[in-house]
Amino acid sequence: MDFSLSAEQQQIRGMVTEFVDEEVVPRATEIDHDDEFPADLVREMGELGLMGMPFPEEYGGAGLDYHSYALGLAEIARGSGGLGTVVAAHISLAGNMLYEFGTEDQKEEYLTPLAEGRDVGAFALSEAGAGSDVPAMTTTARKEGDEYVVDGGKLWISNGSVADTVTLFAKTDPDAGNKGISSFVVRPEEDEGFHVEGTEDKLGDKGCPTAELRFSDMRIPEDRRLGEEGRGFVHALKTLNGGRITIAARGVGIAQAALDAALDYAQDREQFGQSISEFQTIQHKLADMDTKVSAARLLMHQAADLKMRGEDFRKEAAQAKLYASEVSREVANEGVQIHGGYGYTKDFPAERFYRDAKLNEIYEGTSEVLRNTIAGNLLD
């Protein structure tokens, strides 16, 4: 197993690193403070091909392999955790739903604008009473002639208030359990009955609007359905499995940012006549942080490698997401500790890394659900 980067992968990572250092890092504090969707940065990323990294060029994407996509996402998250979520929800969830389950006409009409960065995508699955328990959803899509009439609501939808295309899950047969769920394409600007109820005031992940959506007698044409009726639950699980690789990448990126900041601070800060990096206690913290980041990165690449080979990657994606999520929180916590009192203030980014990292353990599969997934694979 060789995860050394090819010349092309190194070039791609270098390009994204340069963009993040020049355009994202200087804006990260502002994004965190204002909590506004950074439309100008998203537009710039679209021009660089970063909003469609893994999709084929024929659909407006950059045609990158999954290693390169994960590397790019990790770099973006290193600059801003919120921007990392914007890109992950847009590509891994909304875009991949269209790429994997859309018809050629649907890909041309809806995926291409997403991949080119002209449109923003969202993935509407969770509800107030249906988080990890997806079949408990109550949103319905009732067939009437050549239309579906959608009623219900969704919660915790990343990019939900700014999206041009939303992939939506609703029950077309409420009595059929998870086999009664179907998936659809919704266009908020075109579909009457689509309402944004508001956005959440979150602990971190600022800049990525997390919206509550409501659908009231919303009529969408039949040709907006993705795949066959009743396949929505399978679509959701397959999409989330792939998405876990990029949430692992978000964890790696935030952890790397926390480590880099702690390294710089430890060498600048002096106590008792020497930099605190000369104390063995600080050195051990830094060593543990670096080791954890490296291990998380390897798990991320292992899952990406299996996905690229077309092999079963569900357990490895769950392991990568679980470990990178917990490592990002642990490394960010040690970063705050190394900064001492300054780490608890907004004068340094250490506290932002901690707030942004915590989300990794909650969304797109909580750590508890991921442990169930891993154990289920071991005992199968």
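Predicted model: local features only at pLDDT ≥ 70, side-chain atom pairs only at ≥ 80, totals over all residues.
Trainee: Which domain does UniProt list for residues 122–218?
Mentor: UniProt positions follow the numbering used here, with feature names shortened, and annotations may be inferred rather than shown by experiment. The entry is unreviewed, and for residues 122–218 it gives "Acyl-CoA oxidase/dehydrogenase middle".

Trainee: At what angle do helix 9 and helix 11 pack?
Mentor: Two packed helices are described by the angle between their axes and the distance between those axes. Here axes are lines fitted to C-alpha atoms, for helices over the stretch in contact, and angles run from 0 to 180 degrees between N-to-C directions. For helix 9 (residues 314–339) and helix 11 (residues 367–379), the axes are 9 Å apart and the angle is about 145°.

Trainee: How many residues of the contact of helix 9 with helix 11 are nonpolar?
Mentor: Contact means heavy atoms within 4.5 Å, and the residues making it include L322 of helix 9 and L370 and I374 of helix 11. Ala, Val, Leu, Ile, Met, Phe, Trp, Tyr, Cys and Pro count as nonpolar, Asp, Glu, Lys and Arg as charged, and the others, Gly among them, as polar. Four of the contact residues are polar and four are charged, while the nonpolar ones number five.

Trainee: Which helix gives the most to the lining of the largest pocket?
Mentor: On a 1 Å grid over the protein atoms alone, a pocket is an open set of points with protein on both sides within 12 Å along at least five of seven lines, a cavity is a set where a 1.4 Å probe fits but cannot get out, and lining residues have an atom within 4 Å of a point. The largest pocket holds about 1300 Å³, where grid points are joined across faces, edges and corners and volume is the space filled by probe spheres set on the points. Its 44 lining residues include L240 and R244, which are among the closest to its centre. With nine residues, the top contributor is helix 7.

Trainee: How much space lies in the largest cavity?
Mentor: The whole structure has one cavity of 30 Å³ or more. Helix 2 gives the most to the lining of the largest cavity, with three residues, and the space inside is about 40 Å³.

Note on methods. Residues numbered from 1 in each chain as written. Heavy atoms only, no water. Helix = DSSP H or I, 4+ residues; strand = E, 2+ residues; numbered from the N terminus.
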